[in-house]
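Biologist: I would like to go through this model and hear the grounds for each label. Please give the cut-off whenever a term comes up.

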Amino acid sequence: MASNHEQWLLEHGNPKGLSKEMKHGRTAHNMSSSSLRKKSDLKLVSKVPCGLLRKLLANLQEVILGTKLSVLFPAIPLAIAAECYGFGRPWVFALSLLGLTPLAERVSFLTEQIAYFTGPTVGGLLNATCGNVTELIIAVFALSKGKIDVVKYSLLGSILSNLLLVLELLFGFLKPRLAAHGGGPHTRAAAAVSTVDSTLQLSRACSIVMLLAYIAYLVFQLWTHRQLFEAEEDSENGDEGSEEAVIGFWSGFTWLVGMTVVIALLSEYVVETIEDASDSWGLSVSFLSIILLPIVGNAAEHAGAIIFAFKNKLDITLGVALGSATQIAMFVVPLCVIVSWIMGNNMDLNFNLLETGSLALAVITTAFTLQDGTSHYMKGLVLLLCYIVIGACFFVAKTPLHKVNNNNLASSKATEAVFRSA
């Protein structure tokens, strides 16, 4: 009798790119996500006589039950029910956050599955654009509601959590050894957010330049100098053996579209209820945005960092933290500025003193912990304490939320035009 893998190949065909070149399509984000997966036992499913039903059940088992975060999936229908039946708004906020946690990890899983069929280049592009899809969707909904401060806080918090919290897990659990990486361009990329001028026009110009720089980085990584990254990745994964796709291309694409829709729905709930949760819990919107939202979006990276740090895999853990921070700083942040420009809102790169100081402190602390090439628990403790201090600053600051009203924005533009004509 044919094995489950052989039966799968008979139904779906042999996807291209199962060699070591396919692994180049993976990023550290996907590797951290893979650490949360559970191997599915399809013996019971394989006994179902109907082929279509068997395929559907196998997909459900791989996509829904194939992660250690599957226990959080019930929060999704609970959040929808809480919204539809008028439960407390803070409950909708909390349940939506819990529901977004496994969805963020599953999107990474599905993009990797699609990459098995599209090849390493397209797979790398998918990972580069979908790696932070949760943060991006939340930001777009917040921009549509005029909550520019929520966008800034959540994206800044994502950079901080990657630079401090994930690296704290690296130094806290990694066996003492020499590190092969310094801060490099990833750290400088995070610093780019806070070193721009406060004018709106310059912020938009800098955003365009940052997007072009990110595109150039993708071209460098996926086309012109692919061999550099392939060699590094082969050394990291040499003991893991070849890997295989577990669902078909169109199944993965359909699941990806469906989960993106659910993420959009829950993101809308989060944006609409964050102020109600702030009033009910006595926590500022800035604290919720800069601490809670990024932890939800980066749950897979945080858990993966712990697992790979326990396995003493320094390169992967560094890639998780610095790679995700680079995506946020060089792709999501400038893209939000451009999207805000299209919507008619005035989001710029002008972060206030507390936000700029927090980012500068995180970048400097990260650079100093990486520069000497050693790792020990004291460095992890310093990074954790730095993150706690930053969180405490936003907890006590309670900066009021400034919303941009589109009507007021239009009237202000009209008034400005009148003064200019005069």
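Biologist: Which residues does T101 touch, not counting residues up to four places away in sequence?

Modeller: T101 touches L69, L72, V296 and A299. Contact here means heavy atoms within 4.5 Å. This is a predicted model, in which local features need pLDDT of at least 70, side-chain atom pairs count only at pLDDT 80 or more, and totals for chains, interfaces and linings use all residues. Residues are numbered from 1 along each chain as its sequence is written, and side-chain values use heavy atoms, with hydrogens and water left out.

Biologist: Why is T101 called buried?

Modeller: T101 has a relative accessible area of 10%. Buried means under 20%, exposed over 50%, and partly exposed in between, with a 1.4 Å probe and protein chains only. The value for T101 is under the cut-off, so T101 is buried.

Biologist: Where is T101 placed, and what makes that element a helix?

Modeller: T101 is in helix α5, residues 89–118. Helices are DSSP runs of H or I with at least four residues, strands are runs of E with at least two, and both are numbered from the N terminus. α5 has 30 residues, so it meets the helix cut-off. The chain comes to 18 helices and two strands.

Biologist: What makes α5 mostly covered?

Modeller: In α5, 25 of the 30 residues are buried. Over the chain, buried residues make up 51% of the 422 residues.

Biologist: What does the largest nonpolar core hold, and why is it called a core?

Modeller: A nonpolar core is a set of buried Ala, Val, Leu, Ile, Met, Phe, Trp, Tyr and Cys residues joined through side-chain atoms within 4.5 Å. The largest one has 88 residues, and F93, V151, L160, L293 and C336 have the most contacts inside it. Helix α8, residues 148–173, gives the most to this core, with 14 residues. Leaving aside neighbours within four places in sequence, F93 is in contact with residues including V270, W281 and L293.

Biologist: Is M210 buried or exposed, and how do you know?

Modeller: M210 has a relative accessible area of 6%, and therefore counts as buried. M210 lies in helix α10, residues 200–224. M210 and M330 are 120 residues apart in sequence, but their C-alpha atoms are 5.5 Å apart in space. Beyond four places in sequence, the contacts of M210 are A329, M330, P334 and L349.

Biologist: Which residues does UniProt annotate as "transmembrane region"?

Modeller: The unreviewed UniProt entry puts that annotation on several spans, among them 202–224 and 377–397. UniProt positions are given in the numbering used here, feature names are shortened, and annotations may be inferred rather than shown by experiment. In the model, residues 202–224 are 100% helix, with their end C-alpha atoms 31 Å apart. Residues 377–397 are also 100% helix, and their end C-alpha atoms lie 30 Å apart.

Biologist: Where is confidence lowest, and where is it highest?

Modeller: Confidence is given as pLDDT, the predictor's own score for each residue, from 0 to 100. Helix α18, residues 406–421, is lowest at a mean of 43, while helix α4, residues 75–84, is highest at 93. Over residues 178–185 the pLDDT is below 50. The chain averages 75, and 66% of the residues score at least 70.

How values were computed:
Expected span 1.5 Å × (residues − 1).
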